[in-house]
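Subject: Structure handover

Hello,

Please find the structure below. My notes on it follow.

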Amino acid sequence: MKNKVAIVTGGASGIGYAIVERLLSQGVKVAIGDLNENRLKEIQAANPDNVLTMVTNVIKEDDQEALVRKTVETFGALDYAFNVAGAQKPAPIVDMTEQDWDFTVDLCLKGVFLSVKHQARYMKDNGGGAIVNVASLNAHVPMYSGSAYSSAKAGVEMLTKNAALELSQYNIRVNAILPGLVLTPLTASLTDVKEINDAYMERIPMKRGGQPEEIAAPAIFLVSEDASYVNGASLIVDGAWAISGYPDMSRFM
Ligand SMILES: NC(=O)c1ccc[n+]([C@@H]2O[C@H](COP(=O)([O-])OP(=O)(O)OC[C@H]3O[C@@H](n4cnc5c(N)ncnc54)[C@H](O)[C@@H]3O)[C@@H](O)[C@H]2O)c1
């Protein structure tokens, strides 16, 4: 991977930042598009030569287009993209405002669409590439108050398959990664509450949340040559959570 070039949206924190760190350790040059200007400045200062940071709002098409353009101007290529930016405004369906629905669906689904569109436009004319979209286990499993988020993440999974269908002819592979519970700033307000954390652990056979690095490693595998025939796939990385729908009967045995 040495001297390859990657874009990571949402790369200033959590899973995205873990991907950035791992790419840098493998000699990849990385462009980070994120809203968190202060964090971007810190990351840029620590990596003056092999990182490009750009304040980017993934739901704005101009920002996405500019991120790809600046990446190519700076590093001369774009080989990999990791579309990670995401968040939600949760509420039960009956209480969810239209604005909160739009916030979540725009960020999680339209943001990934705009990313793939502009990344693939460059890659298709320049020999191909590999893209990983971060969906969620919630693409398959609904979450109370998470109708917008789960619907958007299911959309990301199908968008990924559709992109693989359309872009394979240009030597572009597009895959999705579906994390379970990962210990990042996004989930800290939940996992810091003992009762909520206990409820998660009831369901997660590995009895712990994942570390961001445990998502970064399989995400990077998906863009690597080792995954050269993996395309349009969904890789669940969740400590076996997805298979644990059945009640935990072990306490009665
Ligand atoms: N943490 C989990 O348990 C978990 C589980 C499944 C899926 N995910 C998904 O993984 C991705 C990363 O989550 P995380 O836990 O690392 O969260 P995080 O909050 O640590 O990082 C998210 C990053 O996205 C950036 N961002 C938010 N809105 C943006 C926008 N409009 N434009 C550009 N950047 C924006 C934030 O500034 C932040 O740096 C998200 O898509 C999330 O839905 C997380």
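**Thr53 and its surroundings**

Apart from neighbours within four places in sequence, Thr53 contacts Ile32, Leu40 and Gln44, where contact means heavy atoms within 4.5 Å. Thr53 belongs to strand E3; helices (H or I, at least four residues) and strands (E, at least two) are DSSP runs, numbered from the N terminus. Thr53 counts as buried because its relative accessibility is 18%. Buried means under 20% relative accessible area, exposed over 50%, and partly exposed in between, with a 1.4 Å probe and protein chains only.

**Basis**

This is a predicted model, in which local features need pLDDT of at least 70 and side-chain atom pairs count only at pLDDT 80 or more, while totals for chains, interfaces and linings use all residues. Residues are numbered from 1 along each chain as its sequence is written, and side-chain values use heavy atoms, with hydrogens and water left out.

**Sheet**

The 7 strands form an open sheet in the order E3-E2-E1-E4-E5-E6-E7, with parallel pairing; two strands pair if DSSP finds at least two bridges between them. Strand E3 (51–55) and strand E7 (234–237) are the edges, each pairing on one side only. From one strand to the next the twist averages 15 degrees. Axes are lines fitted to C-alpha atoms, for helices over the stretch in contact, and angles run from 0 to 180 degrees between N-to-C directions.

E1 and E2 run parallel and are joined by 5 bridges; Ala6 has Val30 in E2 as its bridge partner. Of the 6 residues of E2, 5 are buried. Strand E6 (residues 172–179) pairs with E7 in the parallel sense over 4 bridges, and Ala176 stands opposite Ser234 in E7.

**Helices on the sheet**

Helix H3 (residues 61–75) packs on the sheet and touches strand E1 (5–9), strand E2 (29–34) and E3, its direction making about 160 degrees with that of E3. Thr71 is in helix H3 and is buried, because its relative accessible area is 0%. Beyond neighbours within four places in sequence, Thr71 is in contact with Val5, Ile7, Ala31, Leu52, Gly76, Ala77 and Leu78. Helix H5 (residues 147–167) lies across strand E5 (129–134), E6 and E7, at about 165 degrees to E6.

**Cores**

A nonpolar core is a set of buried Ala, Val, Leu, Ile, Met, Phe, Trp, Tyr and Cys residues joined through side-chain atoms within 4.5 Å. The largest one has 30 residues, and those with the most contacts inside it are Val8, Ile19, Leu23, Val30, Phe82 and Ile177. At least two residues each come from E1, helix H1 (14–25), E2, helix H2 (37–46), strand E4 (80–83), E5 and helix H8 (213–223). A second, separate core has 28 residues, including Ala66, Val68, Tyr122 and Ile131.

**Rings**

How many aromatic pairs are there? The count is 1. Rings of Phe, Tyr and Trp (its six-membered ring) pair if their centres lie within 6.5 Å; planes under 30 degrees apart count as stacked, over 60 as edge-to-face and the rest as tilted. Tyr200 and Trp241 pair edge-to-face, at 5.7 Å centre to centre and 90 degrees between the planes. Tyr200 is in helix H7 (residues 194–203) and Trp241 in the segment after E7, so the pair ties together parts 41 residues apart in sequence.

The charged end of Arg39 sits over the ring of Tyr17, 4.8 Å from its centre, and Lys124 lies over the face of Tyr170, 5.3 Å from the ring centre. The rule is NZ of Lys or CZ of Arg within 6 Å of the ring centre and within 35 degrees of the ring normal.

Regards
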